[in-house]
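Here's a quick briefing for anyone meeting this structure for the first time. Take a look at it, then read on.

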Amino acid sequence: MTVAAVILAASPASALADADGTPAVRRIADAAWAGGATPVVVVAADPDGAVAAALATAEVTLLEPAPLEGGPASQIARGIGGAIRLVAATTAALVWPARLAWADAETVTTLIEAHGDDAAGALRPAFEGAPGWPALVPVEVLGPLARVAASRMPDEILADLAAGGLAVRLVDTGDPGTTLDLSTPRAALPPFAGPPRADDDVRREWGAPAAEQADESAPAGPARLAADDRTA
């Protein structure tokens with residue numbers, strides 16, 4: 001079971017938006033990796049290299065966006081397709097709008113664990129009953145995404161996929177960062193509660209790849225897929 005993270009930035013400015021002193025895409029990429037997502041893919045235009053610079057030393061692959069006329073659904077498909085190119089065994093992807101930069105690494109772990117128990121459906125993190133992001137979707141949505149209207153926004157895209165038969169389940173993550181975006185300062189977020197867990201629940205070590213890296217060796221930093229590797 002391999003779950004990718006697909007970070008979506010509508011513009012270089014949104015990718016580089018300030019997240020408590022860190023560019024939004026870097027904060028998200030670090031949280032995704034720490035929570036166990038692999039590969040981590042950022043779909044963002046980068047005309048002057050500033051996004052790549054923000055991702056320096058991160059375990060990330062940077063993809064050019066799909067043509068804008070395809071709308072958000074095409075950008076999601078671009079990221080999922082790129083993740084499959086990188087790791088053929090990818091079973092799902094965390095679709096992560098860059099404006100939701102406060103979501104915690106523990107939320108990533110929670111969603112990946114839940115995917116292991118229910119691999120066919122989609123999962124959305126919830127905070128106090130409200131659905132949020134990143135949403136975990138199985139890679140089988142690539143086909144239906146091609147039929148989603150370009151005007152549809154992320155919440156509407158999930159609704160369209162659900163109308164087409166995809167089961168979408170809310171997962172209580174206790175993470176305010178899944179519903180409150182960068183318009184809410186980090187210091188103003190409600191407390192992180194974490195998901196409800198039984199006393200005997202055993203946490204899995206999803207961050208093992210990072211732990212195995214020698215301290216003196218820096219991560220590779222952002223890679224770029226060659227032109228013929230960019231998918232959908």
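Where is Asp20 found? Asp20 sits in the loop between β2 (18-19) and β3 (22-23). Before going further, note that this is a predicted model, where local features need pLDDT of at least 70, side-chain atom pairs count only at pLDDT 80 or more, and totals for chains, interfaces and linings use all residues. Residues are numbered from 1 along each chain as its sequence is written, and side-chain values use heavy atoms, with hydrogens and water left out. As for the labels, helices (H or I, at least four residues) and strands (E, at least two) are DSSP runs, numbered from the N terminus.

- Most residues other than glycine have a negative phi, and most peptide bonds are trans.
- Asp20 has a positive phi near 60°, and Asp20 is partly exposed at 48% relative accessible area (buried means under 20%, exposed over 50%, partly exposed in between, with a 1.4 Å probe and protein chains only).
- Glu128 has a positive phi too, near 50°, and is exposed, with a relative accessible area of 71%.
- The peptide bond from Thr38 to Pro39 is cis, with omega near -5°; look for Pro39 in the loop between α2 (24-35) and β4 (40-43).
- Another cis bond runs from Trp133 to Pro134, with omega near 10°, and Pro134 is in the loop between β8 and β9.

- Six of the six residues of β7 are buried, so the strand is largely enclosed by the rest of the structure.
- Ala122, Arg124 and Ala126 point one way from β7, while Leu123, Pro125 and Phe127 point the other way.
- β7 pairs with β10 (residues 168-172) in the parallel sense over five bridges (two strands pair if DSSP finds at least two bridges between them), and Leu123 stands opposite Arg169 in β10.
- With β8 (residues 130-131), β7 pairs in the antiparallel sense over two bridges, and here Phe127 stands opposite Ala130.
- β7 and β8 form a hairpin with two residues between them, and Glu128 is in the turn.

**Helix α7**

- In α7 (residues 154-163), Ile157, Leu158 and Leu161 are buried.
- Seen down the axis of α7, these buried residues fall within an arc of 95°, so they line one face of the helix (the arc is that of the directions from the helix axis to the C-beta atoms).
- They pack against α4 (71-86), β7 (122-127), β9 (135-138) and α6 (142-145), where contact means heavy atoms within 4.5 Å.
- Just after α7, Gly165 takes a positive phi of about 115°.
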